[in-house]
Amino acid sequence: MNRFENKVCVVTGAGSGIGQATALAFAREGARVLVADVNVAGGEATVNQIAALGGTAIFMSVNIAEQQQVEAMVARAVAEWGRLDCAVNCAGVTGGVSAPTHEYPDAAWAQNVAVNLNGTWFCLKAQLAQLLKQGGGTIVNIASAAALKGHPNNIGYCATKHAIVGMTKTAAIEYATNNIRVNALCPSAIETPMIMDGRLNLRNNPELKVKFTNDQAMKRMGRPDEVADVALWLCSDQSSFMTGHAMTVDGGMFA
Ligand SMILES: NC(=O)c1ccc[n+]([C@@H]2O[C@H](COP(=O)([O-])OP(=O)(O)OC[C@H]3O[C@@H](n4cnc5c(N)ncnc54)[C@H](O)[C@@H]3O)[C@@H](O)[C@H]2O)c1
């Protein structure tokens with residue numbers, strides 16, 4: 001399929017995991033991709049993989065928690081390629097610790113708010129302004145299963161992911177008649193560095209890995225490309241009547 005031929009796409013968090021898979025998937029379908037991440041090595045690796053496929057991508061070091069950097073990201077896509085058609089806002093953090101709410105560190109709360117909440121807000125604001133100027137486009141915000149239910153021992157993550165769904169639905173309604181669609185994805189456990197090496201460290205915690213595996217009805221974790229495929233579909237004309245969704249990608253977990 002070449003659904004994104006000549007389209008310009010921005011993917012945040014594209015240096016790893018779901019964002020990297022999304023950037024690669026866009027490039028495979030002909031898009032020009034701005035790969036944004038704070039992780040320079042990861043972002044450059046994504047661009048190199050896209051180049052190896054014969055695709056077109058540039059890397060930009062962007063901390064989404066900094067509004068000026070986010071504005072510069074959108075401006076760079078427009079400066080390079082004249083427009084912005086699709087954005088997948090994938091960059092996110094967990095806060096790095098597990099603790100019940102009364103002991104949850106303020107620093108972890110602040111990190112979740114800075115990146116997941118403020119960062120997604122800055123992205124949405126800058127991207128919507130550009131899409132409005134052009135007369136349309138699509139945005140997909142990567143939320144989480146933790147956006148739809150409680151997430152014990154990580155209230156900061158849970159609260160900020162819930163907020164992403166609220167922002168998604170609000171923007172979806174506001175711009176529904178402007179040819180702009182805004183949706184969210186809510187993945188369950190997806191095998192990426194975040195879950196394998198980060199806060200949960202499933203790579204070194206086989207018992208917890210079994211639990212997270214069995215949470216899905218399919219009794220496996222998802223792959224980054226399985227989330228990327230849905231993100232691309234939500235960005236494509238094939239989902240033209242869909243906006244304001246908080247769609248699970250969860251191997252049947254919520255069922
Ligand atoms: N892996 C899962 O099980 C899972 C489940 C539900 C939701 N998610 C969400 O999916 C998204 C991608 O996660 P992943 O699993 O691919 O994790 P990951 O850690 O592999 O990738 C996240 C990327 O975001 C980047 N990033 C972090 N903070 C940033 C910032 N301030 N500015 C720019 N980039 C930043 C990181 O450098 C990293 O490259 C996140 O929003 C995460 O919350 C993941």
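Buried means under 20% relative accessible area, exposed means over 50%, and partly exposed is in between, with a 1.4 Å probe and protein chains only.

A word on the source. This is a predicted model, where local features need pLDDT of at least 70 and side-chain atom pairs count only at pLDDT 80 or more, while totals for chains, interfaces and linings use all residues. Residues are numbered from 1 along each chain as its sequence is written, and side-chain values use heavy atoms, with hydrogens and water left out.

Back to Ile180. This residue sits in strand S6. Helices (H or I, at least four residues) and strands (E, at least two) are DSSP runs, numbered from the N terminus. What does Ile180 touch, beyond its neighbours within four places in sequence? Its contacts are Leu128, Leu131, Leu132, Gly136, Gly137, Tyr175 and Thr243. Contact means heavy atoms within 4.5 Å. Now take Met167. Ile180 and Met167 are 13 residues apart in sequence, and their C-alpha atoms are 14 Å apart in space.

Next, Asn179. Here we are in the loop between H5 and strand S6 (180-187). Asn179 is exposed, at 57% relative accessible area. Its phi is positive, about 65°, although Asn179 is not a glycine. Most residues other than glycine have a negative phi. Asn201 has a positive phi too, about 50°, and is not a glycine either. Asn201 lies in the loop between H6 and H7. With a relative accessible area of 27%, Asn201 is partly exposed.

Now the whole chain. How is the protein chain divided? There is domain 1 (8-187 + 224-249) and there is domain 2 (191-221). Those bounds come from an automatic or database domain assignment. The C-alpha centres of domain 1 and domain 2 lie 23 Å apart. Across the boundary, 15 residues of domain 1 are in contact with six residues of domain 2.

On to the ligand. Where does the ligand lie relative to domain 1 and domain 2? Both domains give residues to the shell around the ligand, so it lies between them. In that shell, 29 residues surround the ligand, and the closest are Ser16, Ile18, Asp37, Tyr157 and Thr192. A residue counts as near a molecule or strand if one of its heavy atoms lies within 4 Å of it.

What is the shell made of? It divides into 17 nonpolar residues, 10 polar and two charged. Here, Ala, Val, Leu, Ile, Met, Phe, Trp, Tyr, Cys and Pro count as nonpolar, Asp, Glu, Lys and Arg as charged, and the others, Gly among them, as polar. Which helices each supply at least two shell residues? They are H1 (17-28), H5 (155-174) and H6 (193-197). H6 gives the most, with three residues.

Look at the oxygen atoms of the ligand. A polar side-chain atom of Asp37 lies 2.6 Å from one oxygen. A backbone N or O atom of Ile18 lies 2.8 Å from a ligand oxygen. For Cys90, a backbone N or O atom is 2.9 Å from a ligand oxygen.

First up, Glu29, in the loop between H1 and strand S2 (32-37). Is Glu29 buried or exposed? At 10% relative accessibility, Glu29 counts as buried. Its side chain makes a polar contact with the side chain of Arg3, at 2.7 Å. A polar contact is a pair of N or O atoms within 3.5 Å; within protein, one must be able to donate a hydrogen and the other to accept it, and residues adjacent in sequence count only if both atoms are side-chain atoms. Not counting residues up to four places away in sequence, Glu29 touches Met1, Asn2, Arg3, Phe4, Glu5 and Leu232.

Then Thr138, in strand S5 (residues 137-142). Thr138 is buried at 7%. Beyond four places in sequence, its contacts include Asp85, Arg181 and Leu234.

Last, Leu208, in helix H7 (residues 206-214). Leu208 is partly exposed, at 25% relative accessibility. Leaving aside neighbours within four places in sequence, Leu208 is in contact with Leu200 and Leu202.
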